[in-house]
Amino acid sequence: MSNESQVIKHNSNKLIIFDTTLRDGEQSPGASMTKDEKVRIAKALEKMNVDIIEAGFPIASPGDFESVQAVASVVKNSTVCGLARALEKDIVRAGDALKPAESSRIHTFIATSPIHMKMKLRMQPDDVLAQAVESVKLARQYTDDVEFSPEDAGRSETDFLCRIIEAVIDAGATTINIPDTVGYNIPHQFGNLIATLLERIPNSDKAVFSVHCHNDLGLAVGNSLAAVLNGARQVECTINGLGERAGNASLEEIVMAVRTRQDVFSCDTNLDTTQIVPCSKLVSGITGFPVQPNKAIVGANAFAHESGIHQDGILKSRETYEIMRAQDVGWSDNRMVLGKHSGRNAFKSRLAELNIDFTSEQDLNETFARFKDLADKKHEIFDEDLRALVADTNWAIENEHYKLVSLRVCSETGETPAAAMVLEIGGNEVSANGSGGGPVDASFRAIESVVNSGTQLQLYSVNNITSGTDAQGEVTVRLEKGGRIVSGQGADTDIVIASANAYINALNKLESNDDREHPQLGDV
Ligand code: KIV
Ligand code: ZN
């Protein structure tokens with residue numbers, strides 16, 4: 001490193017966590033979220049002490065604008081960021097959406113790789129540089145905190161990167177983010193790129209260097225960590241590694257790698273890691289993207305020991321086979337907490353221990369009523385069941401147009417499964433019947449026989465919330481109509497009821513218009 005102040009800045013012992021679950025994460029096909037869902041995730045990220053929350057891309061749609069505005073209004077302890085292309089209209093829109101924020105950042109970007117400049121932008125490098133500078137100057141009129149990204153930096157020419165970055169720092173950019181947009185880099189190479197930029201750009205000490213890695217080769221976390229070892233002090237990441245195509249670097253893996261290997265890293269994050277698992281479950285529940293069981297940190301098996309030798313070792317000394325403590329990342333010991341005789345106070349205090357808040361007494365009462373129903377069907381209620389109950393109440397949409405009143409299915413060897421149900425549609429009860437390949441198919445057909453939604457079923461998945469045959473099943477249904485994709489969720493000990501509720505939840509989301517066209521389908 002060439003000068004002393006640079007050494008100080010890029011040797012800072014604080015690693016900034018910039019979460020982009022609500023923006024890049026939402027660009028996963030099928031992961032679009034409603035405004036309320038984004039606010040819930042933003043609050044969970046704030047509770048985890050995430051430094052910067054990228055809340056969306058305000059120019060992308062009115063829904064995106066409102067979501068960024070809503071997140072900016074409720075989040076107080078994290079900086080709220082809005083994405084903008086290096087275009088005046090985008091920056092103005094982002095600046096407007098961020099107005100309510102206590103602390104705001106505009107993140108502006110333009111592509112710098114030869115292929116993107118020639119084929120996508122059809123611009124000369126000097127014009128790209130000039131547009132980047134103008135955009136940063138404009139963004140600075142809205143906030144002192146401006147981030148610039150040379151999109152596809154991982155395939156850009158180093159000389160041009162040095163030129164454009166030096167110019168945007170002079171224009172007022174305070175964070176320089178180096179994206180490996182297409183996940184093309186290899187860790188030692190990406191680490192060298194960061195070291196080279198820090199060394200060659202004369203004013204690099206005036207900005208924090210950040211990285212944003214995609215996972216196309218499964219190297220997003222490796223590349224991000226290599227960058228940190230070479231002076232990057234902000235990492236852009238998402239919960240569960242959600243994101244465009246193969247996803248982004250996963251927040252939980254970055255944070256726990258750095259925390260666990262303090263002998264290697266000279267910096268650490270401010271994150272409350274005990275919020276990681278609850279946050280992962282929240283994002284997975286809302287998006288309908290299940291977490292694979294063997295996923296590091298947040299997978300169901302991440303702390304499970306199957307082999308006899310391992311179990312024996314763990315019983316003698318936990319450190320023989322565990323490098324982290326499950327509690328430190330928010331796994332509870334999943335003990336039986338409540339049963340059908342538990343009262344409202346016990347219920348409320350266990351939820352408080354799980355850090356679950358209620359916005360109103362009515363919410364609490366509704367969830368308690370659902371808990372009593374569940375306790376009638378299921379002997380032991382675990383923490384995970386409580387989390388699902390709360391999620392289920394949250395999944396409900398205000399002014400639901402469709403509601404399941406009752407459902408009866410008949411499934412018998414050699415017979416075609418049939419469903420008979422009563423739905424409430426806009427306040428009126430309607431009977432519906434259907435038959436299909438199985439009881440779930442029959443139920444969906446029964447719903448469609450009266451709703452005629454014109455949607456395509458894109459995904460149907462069931463996860464068990466706890467183990468045992470009386471466990472609740474959590475069902476996700478993804479529907480598409482005219483370019484809009486919504487996910488619906490339902491949880492119940494009866495998976496046919498959970499499935500019908502998930503389908504109805506998705507239809508209500510379509511009806512409510514409280515979400516947006518999938519970002520990849522728009523023109524931005
Ligand atoms: O992957 C990417 O290049 C991006 C930019 C907008 C930072 O998401
Ligand atoms: Zn990205």
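Trainee: Which residues are linked with Arg23 in a network of salt bridges?

Mentor: A salt bridge here is a side-chain nitrogen of Lys or Arg within 4 Å of a carboxyl oxygen of Asp or Glu. This is a predicted model, where local features need pLDDT of at least 70, side-chain atom pairs count only at pLDDT 80 or more, and totals for chains, interfaces and linings use all residues. Side-chain values use heavy atoms, without hydrogens and water. The network holds Arg23 together with Asp24 and Glu54.

Trainee: How many salt bridges are there by this rule?

Mentor: Side chains of opposite charge can pair when their charged atoms come close. Counted by this rule, the salt bridges come to 26.

Trainee: Lys295 and Glu253 meet in a salt bridge; is Lys295 buried or exposed?

Mentor: The N to O distance between Lys295 and Glu253 is 2.6 Å. Lys295 sits in the loop between helix H11 (276-287) and helix H12 (308-316), and Glu253 in helix H10 (residues 251-260), 42 residues apart; helices are DSSP runs of H or I with at least four residues, strands runs of E with at least two, numbered from the N terminus. Buried means under 20% relative accessible area, exposed over 50%, partly exposed in between (1.4 Å probe, protein chains only). Because its relative accessible area is 10%, Lys295 is buried.

Trainee: Which residue forms a salt bridge with Asp492?

Mentor: Asp492 counts as buried at 12% relative accessibility. Asp492 lies in strand E16 (residues 484-492) and its partner in helix H14, 115 residues apart. With the closest N and O atoms 3.3 Å apart, the partner of Asp492 is Lys377.

Conventions:
Residues numbered from 1 in each chain as written. Chains lettered and ligands numbered in written order.
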